Amino acid sequence: MSSSTTTSRQALRQALLQAREAWAASPQAALDQAALHGHLLEVLEQLEPDCLGLYWPIRGEFNPRPAALEAMASLNCRLALPWATKKDSPEGVSMGYRVWKGEEFGTVDGCGIPCPDTAAVVPDVVLVPCVGFTREGFRLGYGGGYFDRWLAGQPHVTAVGVAWREAELTGEALVAEAHDHGLALIVTPDGVVG
């Protein structure tokens, strides 16, 4: 990746994150949360995961936990949350999933994101948060490459992007790179993209 591409992706990421955090405090956010929740449940009913990998929401992301808990009850699927480590840890940069049964926990992963310290598991469907996305199924994340690396090693997993409509990028705003892992589909408050 060239330094100009890196700089433009960083600038785009920062602009999208600032806009999302401001929007998340607006009255529209609660309405969109409910709409996205409904669309996500429909998608999960169609996919019928055995084990659903979700994420702990940060920085104004959609909260997938209520939909995941509903899916766990209605579809009898297991749930898992990501457990990530940074490059300065003994494991280096890595991500895997840990079993979550909906219980409260007080542990965080190596990146400071809440995650239970439970058994490792490999989900067959994972929800992937998007800072930005394209209709072609590519996403802009936080820049660490955690999901892209994990998905590259798990080609059998169905990756479902989750995003607010305002995160959609058009034109040449986001050009997919060699390491970017495409998503099977993306769910927004307006429905399914892809």
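User: Where does T118 lie?
Analyst: T118 is in the loop between β3 (94–100) and β4 (120–121). Strands here are DSSP runs of E with at least two residues, helices are runs of H or I with at least four, and both are numbered from the N terminus. This is a predicted model, where local features need pLDDT of at least 70, side-chain atom pairs count only at pLDDT 80 or more, and totals for chains, interfaces and linings use all residues. Residues are numbered from 1 along each chain as its sequence is written, and side-chain values use heavy atoms, with hydrogens and water left out.

User: Is T118 buried, partly exposed or exposed, and why?
Analyst: T118 counts as partly exposed because its relative accessibility is 30%. Buried means under 20% relative accessible area, exposed means over 50%, and partly exposed is in between (1.4 Å probe, protein chains only).

User: What does T118 touch?
Analyst: T118 touches R98, V99 and E103, leaving out residues up to four places away in sequence. A contact means heavy atoms within 4.5 Å.

User: How far apart are T118 and P49?
Analyst: Their C-alpha atoms are separated by 20 Å. Along the chain, T118 and P49 are 69 residues apart.

User: Let's zoom out. How many helices and strands are there?
Analyst: The protein has four helices and 10 strands. Along the sequence the pattern reads α-α-β-α-β-β-β-β-β-β-α-β-β-β.

User: What about overall size?
Analyst: The C-alpha atoms fill a box of roughly 45 × 40 × 30 Å along the principal axes. The radius of gyration is 16 Å, which agrees with the value near 16 Å for a compact globule of 194 residues. That radius is taken over C-alpha atoms, and the globule rule is 2.2 Å times the number of residues to the power 0.38.

User: How much of the protein is buried?
Analyst: 45% of the 194 residues count as buried. The accessible surface comes to about 9,400 Å², and 54% of that belongs to carbon and sulfur atoms. Areas come from the Shrake-Rupley method with a 1.4 Å probe.

User: And what share of contacts joins residues at least 24 apart?
Analyst: 72%, among contacts between residues at least 6 apart in sequence.

User: Now helices. At what angle do α2 and α3 pack?
Analyst: Helix α2 (residues 27–47) and helix α3 (residues 65–75) pack at about 35°, with axes 10 Å apart. Axes are lines fitted to C-alpha atoms, for helices over the stretch in contact, and angles run from 0 to 180 degrees between N-to-C directions.

User: Which residues make that contact?
Analyst: From α2, H37, L40, L41, L44 and E45. From α3, P66, A67, E70, A71 and L75. By kind, these contact residues are seven nonpolar, one polar and two charged.

User: Which loop holds E48?
Analyst: The loop between α2 and β1 (51–53). E48 has a positive phi of about 45° although it is not a glycine. Most residues other than glycine have a negative phi. E48 counts as exposed, at 58% relative accessibility.

User: What is the phi of N76?
Analyst: Positive, about 55°, and N76 is not a glycine. N76 is in the loop between α3 and β2 (78–85). N76 counts as exposed, at 68% relative accessibility.

Terms used: Ala, Val, Leu, Ile, Met, Phe, Trp, Tyr, Cys and Pro count as nonpolar, Asp, Glu, Lys and Arg as charged, and the others, Gly among them, as polar.
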